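This report looks at a ligand site and at pairs of oppositely charged side chains. Please have the sequence and the model open while reading.

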Amino acid sequence: MSTDVNVKMDALAGADPDALPLQVKDLHVEFRTRNGVAHAVNGVSFDLRAGETRAILGESGCGKSVTAQAIMGILDTPPGYITGGEVLYRGVDLLKLPESERRKVRANRIAMIFQDALSALNPVFTVGFQLAELFRKHRGMSRKDSKARAVELLDLVKIPAAKQRVNDYPHQFSGGMRQRVMIAMALALDPEVLIADEPTTALDVTVQAQIMTLLAELQRERNMGLVLITHDMGVVADVADRISVMYAGRVIEEAGVEDIYASPAHPYTKGLLESIPRLDLKGHELSAIKGLPPMLTNIPPGCAFNPRCRYAQEVCRKDPAPPLYQVSSSRTAACHFWKEVKGDE
Ligand code: SF4
């Protein structure tokens with residue numbers, strides 16, 4: 001019996017092939033620090049279908065990377081603790097699995113690409129060794145066969161002269177090529193879900209575009225669900241199907257990409273869109289959202305965005321925080337005044 005089958009039998013005995021590959025329900029994560037409890041993720045929910053790209057968008061510190069770490073089961077505990085919610089892979093709650101079982105899911109079903117490929121790769125082993133190790137450990141393949149698979153993977157992510165480069169160390173690759181190696185490692189075991197955490201942040205614009213095109217191609221070919229974590233609305237516009245906009249640990253707007261770009265329903269989303277440089281508005285001053293995101297140890301009462309919001313009124317400063325209002329059958333926004341923001345009133 002192959003290792004792959006064992007994974008299905010052990011960790012995922014109750015997995016339902018008809019259920020979604022990933023559902024996050026009311027996830028809560030906090031960091032217990034000397035300076036108090038930082039409420040990093042406060043009730044995040046979203047679904048991901050096979051072949052769909054879900055962007056999770058927001059400024060640094062809004063909880064998007066912590067959400068990814070909680071899904072992957074790689075949160076540093078302490079100080080980080082998951083205090084509520086569910087992370088479902090085909091109906092199985094990963095948060096209830098023991099670590100030994102989660103490790104198998106992580107490698108085989110849900111994979112992740114990190115922002116900084118140089119620190120994610122081991123500097124003392126060749127990229128070929130690191131790729132081949134996945135096949136040896138998880139598929140029980142021989143040294144020779146696993147190396148051949150490593151070359152195939154480098155080819156797949158379009159690294160020229162893959163046969164030779166498989167023997168190179170991470171520092172011998174450019175930033176863009178290292179990110180391709182990371183993608184190869186993430187895809188090695190054919191995951192159904194890929195989480196890409198700011199995969200192009202450290203790269204220049206041309207290489208960014210190449211990496212995003214490659215990711216989109218591979219996703220299409222494999223019908224893989226992609227969670228793209230980013231602060232870059234330009235990247236999102238090109239590749240995402242649906243967007244969850246996060247602020248202070250909450251999803252404050254959730255919609256299809258066209259809806260969000262055509263008529264944002266939350267002032268924060270609107271602010272992000274207005275801060276994108278536009279070629280047709282040459283000479284105009286770039287708009288920015290005033291102020292800073294709140295400290296997660298001290299989130300303001302009411303709507304967390306109220307100190308920065310140009311639409312804020314008295315009700316916005318009072319608890320409870322605005323719920324996610326149903327803007328249409330397929331979109332929600334956590335703003336009491338979403339109709340005004342969207343331009344419906
Ligand atoms: Fe602004 Fe109030 Fe809407 Fe919050 S609820 S985004 S403060 S208008």
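The text below takes the ligand and its surroundings, then the salt bridges.

The model is predicted, so local features need pLDDT of at least 70 and side-chain atom pairs count only at pLDDT 80 or more, while totals for chains, interfaces and linings use all residues. Residues are numbered from 1 along each chain as its sequence is written, and side-chain values use heavy atoms, with hydrogens and water left out.

**The ligand**

The ligand sits in the largest cavity. A cavity is a set of points on a 1 Å grid over the protein atoms alone where a 1.4 Å probe fits but cannot get out; a molecule sits in one if more than half of its atoms lie within 2 Å of its grid points. There are 13 residues around the ligand, and those that come nearest are Cys303, Cys309, Cys316, Cys335 and His336. A residue is near a molecule if one of its heavy atoms lies within 4 Å of it. The shell has 10 nonpolar residues, 3 polar and no charged. In this division Ala, Val, Leu, Ile, Met, Phe, Trp, Tyr, Cys and Pro are nonpolar, Asp, Glu, Lys and Arg are charged, and the others, Gly among them, are polar.

**The salt bridges**

Side chains of opposite charge can pair when their charged atoms come close. How many salt bridges does the structure hold? The number is 19, where a salt bridge is a side-chain nitrogen of Lys or Arg within 4 Å of a carboxyl oxygen of Asp or Glu. The table gives some of them.

| Arg | Glu | Closest N and O atoms |
|---|---|---|
| Arg54 | Glu254 | 2.5 Å |
| Arg308 | Glu59 | 3.2 Å |
| Arg109 | Glu192 | 3.7 Å |

Arg54 forms its salt bridge with Glu254. Because Arg54 lies in strand S3 (residues 53-57) and Glu254 in strand S10 (residues 250-256), the pair ties together parts that are 200 residues apart in sequence. Helices (H or I, at least four residues) and strands (E, at least two) are DSSP runs, numbered from the N terminus. Both Arg54 and Glu254 are buried; buried means under 20% relative accessible area, exposed over 50%, and partly exposed in between (1.4 Å probe, protein chains only).

Arg308 pairs with Glu59. Arg308 is in the loop between helix H12 (267-274) and strand S11 (325-328), and Glu59 is in the loop between S3 and helix H2 (64-72), so this pair ties together parts that are 249 residues apart in sequence. Arg308 is buried at 7% relative accessibility, and Glu59 is partly exposed at 24%.

Notes
On a 1 Å grid over the protein atoms alone, a cavity is a set of points where a 1.4 Å probe fits but cannot get out, and a pocket is an open set with protein on both sides within 12 Å along at least five of seven lines; lining residues have an atom within 4 Å of a point.
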